[in-house]
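Colleague: I am new to this structure and would like to know what stands behind the terms used for it. Could you show it to me first?

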Amino acid sequence: PLDPPPPVDFEEWDGMVRIAFSRKNKTLAANFKSTATMQMLENNYKTYCAANEVMIEPDFDIKKKVLDVLTGLDLAETRASKMDVVDFLKLLAVIVLDGEGNRLIAKYYTRGPGEQCYKTLKEQKKFESELFAKTKKTNSQVLLYDGQTVLFTTSSDVYVYLVGDPEENEVMLLAALQGFYEAVSQLVKYDISKRKILDNLDMVVLALDETIDDGIILETDGNVIASNVSKRGVDTIDVSLSNINEQTIIDAYKQAKERFNLALLR
């Protein structure tokens with residue numbers, strides 16, 4: 001496992017899912033309104049406030065607070081048995097750009113049936129160009145841009161972005177980003193650069209598929225992701241040209257040609 005592990009409180013995540021599925025055919029509102037659950041949430045909230053020196057409002061009502069959250073997310077009358085993983089967490093896009101803002105890899109996911117942000121290639125390229133210009137000028141690796149939560153990391157001449165809804169859990173998004181980045185780092189021998197990405201494009205795309213499937217986070221442990229890629233082998237890859245920039249293919253071809261010419265000269 002990663003050391004240190006991804007900064008995700010999996011106990012809280014597990015607790016939330018356990019409450020939601022405690023009676024899977026009941027609504028979420030019914031599950032969260034149970035006396036035992038309300039008492040537990042109130043005790044936990046008071047403990048949190050005491051530990052962080054936060055004043056509790058005189059008229060604080062845990063039941064109202066929980067129901068306000070569920071209603072605000074339009075989930076109060078939803079039943080856990082009818083929910084998809086998308087209802088808990090789903091990403092909108094994963095983007096890998098070079099040091100000049102050109103696309104190396106990009107995958108955009110649907111929020112739901114037929115619903116996708118930045119549907120056309122023109123919209124995607126515009127978003128990527130503006131996002132790159134924005135992040136070149138900031139040291140923060142988490143920002144709200146164009147109404148979306150964006151987390152990114154850089155290395156040499158490569159920018160890796162993960163885009164999610166503004167309501168999504170930033171800690172979970174960060175865990176996915178770090179897991180994918182760590183896996184790619186291992187696969188390219190800890191030299192994440194444009195050249196290495198192009199040389200190992202097949203493995204990088206496989207690593208992305210092992211981390212995220214149709215916007216759903218599958219794995220956040222970089223070691224596990226890298227291991228799964230090694231087991232699958234590059235012969236199983238299906239690279240969609242729509243996810244890769246034309247310049248990426250040209251650059252990859254040029255580098256392959258260079259390596260072939262060098263081999264002939266030896």
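What follows is a set of questions on terms, with answers.

Modeller: This is a predicted model, in which local features need pLDDT of at least 70, side-chain atom pairs count only at pLDDT 80 or more, and totals for chains, interfaces and linings use all residues. Residues are numbered from 1 along each chain as its sequence is written, and side-chain values use heavy atoms, with hydrogens and water left out.

Colleague: What makes up the secondary structure of the chain?

Modeller: Ten helices and nine strands. Helices are DSSP runs of H or I with at least four residues, strands are runs of E with at least two, and both are numbered from the N terminus.

Colleague: Why is Ser193 called buried?

Modeller: Buried means under 20% relative accessible area, exposed over 50%, and partly exposed in between, with a 1.4 Å probe and protein chains only. Ser193 has 11% relative accessibility, so Ser193 counts as buried. Ser193 sits in the loop between α6 and α7 (194-199). Leaving aside residues up to four places away in sequence, Ser193 touches Ser156, Asp157 and Val158, where contact means heavy atoms within 4.5 Å. Of the 266 residues in the chain, 42% are buried.

Colleague: What makes β6 mostly covered?

Modeller: In strand β6 (residues 148-155), seven of the eight residues are buried.

Colleague: How do you know that β6 pairs with β5 and with β7?

Modeller: Two strands pair if DSSP finds at least two bridges between them. Strand β5 (residues 142-145) and β6 have four bridges, in the antiparallel sense, and β6 and β7 have seven, also antiparallel. The counts meet the definition, so both are pairs. Leu143 stands opposite Val150 in β6, and Leu151 stands opposite Leu162 in β7. Each hairpin has two residues between its strands. Asp146 takes a positive phi near 55° in the hairpin of β5 and β6, as does Ser156 in that of β6 and β7.

Colleague: What makes the lining of the largest cavity nonpolar?

Modeller: A cavity is a set of points on a 1 Å grid over the protein atoms alone where a 1.4 Å probe fits but cannot get out, and lining residues have an atom within 4 Å of a point. The search finds one cavity of 30 Å³ or more. Its lining includes Val96, Phe180 and Ile192, and α6 gives the largest share, three residues. Ala, Val, Leu, Ile, Met, Phe, Trp, Tyr, Cys and Pro count as nonpolar. The lining divides into nine nonpolar, no polar and no charged residues.

Definitions and conventions:
On a 1 Å grid over the protein atoms alone, a cavity is a set of points where a 1.4 Å probe fits but cannot get out, and a pocket is an open set with protein on both sides within 12 Å along at least five of seven lines; lining residues have an atom within 4 Å of a point. Grid points are joined across faces, edges and corners, and a volume is the space filled by probe spheres set on the points.
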